[in-house]
Amino acid sequence: MASDNGHAGCNGSDVVKRNILFMAAAALTLLCIVLAFSNAVWLLGCIISVPFLIMGFYDYNQQQLTLTRNFPIAARIRWLFYDLRPYLRSYIVVGELEGKPFSLDARNLVHARAQGKRDTHPFGTERDTDSGEYEWMSHSIVPAAHPEEDPRITVGGEQCSQPYNASVLNISAMSFGALSANAIAALNKGAQLGNFYHDTGEGGISSYHLQHGGDLVWEIGSGYFGCRDGNGHFDAGLFQEQASSDAVKMTEIKLSQGAKPGHGGLLPGAKVTEEIAAVRKIPVHQDCLSPRAHSAFSTPIELLEFAARMRELSGGKPVGIKLCVGHIHEVLAIMKAMLKTGIYLDYIVVDGAEGGTGAAPLELSDFVGMPLTEGLITVRNALVGTGLRDKVKLAASGKVYSGAGLARNLAIGADWCNAARAFMFSIGCIQAQRCHTGTCPTGITTQDPGRQRGLVVDVQAERAARFHQKTLLALSDIVAAAGLTHPCDLQPHHLVHRIGATDSKMIDRIYRFLPENSLIEAPDDTHYSQWWHAASAESFKAQVDMVPLRAKSNHGEQPKGSL
């Protein structure tokens, strides 16, 4: 009995602890009512206590949330700090070089350059040069005196009648709808001021893409927005009408996106305004489905035939593809299709799995798709190994924000880079990560006119152009330090990566870089041998059973990059 009484006492004490705020609100309300008989001013206390009393009563009786049912009012304090946690970490806890997806140091660099502030750093690097993540560019005793400060790349091969002279840094694909009208207009005007291109994203060409005259790359996704018929299929007439515009310099077939490869996505009908419906050529206020795969083609050869048709319809403008690398044999299948048909893509954009998006399933963002380094090297090797590198240009997209990042990607195979989130930072993004909620505090990723008001197009356009200019100047400093004049001269051996605290290797001794024509002349001598035999110009499906083929391969430890 004594034990039972003690247990009951503990339970009673526990009840008081769990309901202390609820009980305090009730006691304060009762006290204010009693004291009000002597002075009505005490009723003002009920303004504070009664809402908490109602909240506590609701929490105690609701059945959906266990924590608030057991801890009325008090559990909501946890919610408050849970909501504040990202902001407290970002502004108080996280160090300069920490934070994901972009560190505070990275964001500050972009903001400083965009605003024209000083971007120099005193007292030496804060990075851990002994870390296994550390990389550096090797430099020359005789730096170049006059490096290119606005390096450009000509895109468009022998089958293209209107080649385009592209900057080595451009705005990556971001659609109107995902971005606000003011954000699109600011980015496009920035592109016009800085003489670089603006990728439309797959959401079509809006009036905001056109009003300032910036160069456009029109991206065509599986939904064919802006050039689709009533059944959602590609409409050649609508495509020709817009692709022939002087503003459109190149067109691009989106096969997959780094942040959500293999995922089409859905724009809910509530977000399909009349304006967005007109741009995308879809019914207003109805769910807008972007299929997982294209309906215009299903094989590598059909993909190239579709690209050739787009090039013809656009008047001979360059046509490329964008993809996040997945199955390696599919990349090689595209190479085989170019060799077999003689139809060449003008360029390929490799989107790394670390790329961003307004919204994506967490598992796809975290665990599906090849990161940019491996993906870029894979496509570089595919082009070089098949002798197609001189015909097809190569671009990199994924977490690019600095001259050092540009130099790194160009050294391992890219001709130019595209950046999305960095340009968002340049026009005011603070990485609030509320892109998918419609409540972006800077007006960049919301269709709310009141929030868009904060983004002044003329001001932010100049910042985007300034960020571009200063980043290219930083790149030219790196190129000059290496003793070169143009970033296209950077090679893998210029990039050194630390391996532990006591060793480092040049990147071409960590990853395998194929010599020219090696996949044609001796594929079995390359680490892509199995994938090469699985690839076919007629199908994206593997042509051999990969399980027994790989089971027969070397079971020992393979070098990084062996795949």
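How many bridges join strand β14 to β15, and in which sense do the two strands run? Three bridges join β14 (residues 495-498) to β15, and the two strands run antiparallel. The model described here is predicted.

- Three strands make up an open sheet, arranged in the order β1-β14-β15 with antiparallel pairing.
- The edges are taken by β1 (135-137) and β15 (504-506); each has a single partner strand, so one side of each lacks a neighbour in the sheet.
- On average, neighbouring strands of this sheet are turned by 25 degrees against each other, direction ignored.
- In general, the strands of a sheet pair through backbone hydrogen bonds, in either a parallel or an antiparallel manner.

- Strand β10 spans residues 319-323 and is mostly covered, with five of its five residues buried.
- Cover is found on both faces of β10: Val319, Ile321 and Leu323 are buried on one side, and Gly320 and Lys322 are buried on the other.
- One partner of β10 is strand β7 (residues 248-254), which pairs with β10 in the parallel sense over four bridges.
- In this pairing, Glu252 has Gly320 of β10 as its bridge partner.
- Strand β11 (residues 347-351) also runs parallel to β10, and four bridges join the two.
- Here Ile321 has Ile348 of β11 as its bridge partner.
- Between β10 and β11 the chain passes through helix α12 (residues 328-341), forming a right-handed β-α-β crossover.

**Helices α7 and α18**

- Helix α7 (residues 181-194) packs with helix α18 (residues 457-481) at an angle of about 45 degrees, and their axes are 7 Å apart.
- The two helices α7 and α18 are therefore oblique to each other.
- Their crossing is right-handed.
- On the α7 side, the contact is made by Asn182, Ala185, Ala186, Lys189, Gly190, Leu193 and Gly194.
- On the α18 side, the residues in this contact include Val457, Asp458, Gln460, Ala461 and His468.

**Helices α2 and α3**

- Helix α2 (residues 20-36) and α3 pack with their axes 8 Å apart, at an angle of about 140 degrees.
- This angle makes α2 oblique to α3.
- The crossing in which α2 passes α3 is left-handed.
- From α2, the residues that meet α3 are Phe22, Ala25, Ala26, Leu28, Thr29, Cys32 and Ile33.
- Their counterparts in α3 include Cys46, Ser49, Val50, Phe52 and Tyr60.

**Residue Met55**

- Met55 lies in helix α3, which covers residues 46-61.
- With a relative accessible area of 28%, Met55 is partly exposed, because this value lies between the limits of under 20% for buried and over 50% for exposed.
- When neighbours within four places in sequence are left aside, Met55 is in contact with Ile73 and Arg76.
- Met55 and Leu216 are 161 residues apart along the chain, and 54 Å separates their C-alpha atoms.

Note on methods
Residues are numbered from 1 along each chain as its sequence is written. This is a predicted model: local features need pLDDT of at least 70, side-chain atom pairs count only at pLDDT 80 or more; totals for chains, interfaces and linings use all residues. Side-chain values use heavy atoms; hydrogens and water are left out. Buried means under 20% relative accessible area, exposed over 50%, partly exposed in between (1.4 Å probe, protein chains only). Two strands pair if DSSP finds at least two bridges between them. A crossover is right-handed if, with the strands pointing away from the viewer, the path from the first strand over the helix to the second runs clockwise. Axes are lines fitted to C-alpha atoms, for helices over the stretch in contact, and angles run from 0 to 180 degrees between N-to-C directions. Angles under 35 degrees count as roughly parallel, over 145 as roughly antiparallel, 65 to 115 as roughly perpendicular and the rest as oblique. A crossing is left-handed if the near helix is turned anticlockwise from the far one by less than a right angle, and right-handed if clockwise. Contact means heavy atoms within 4.5 Å.
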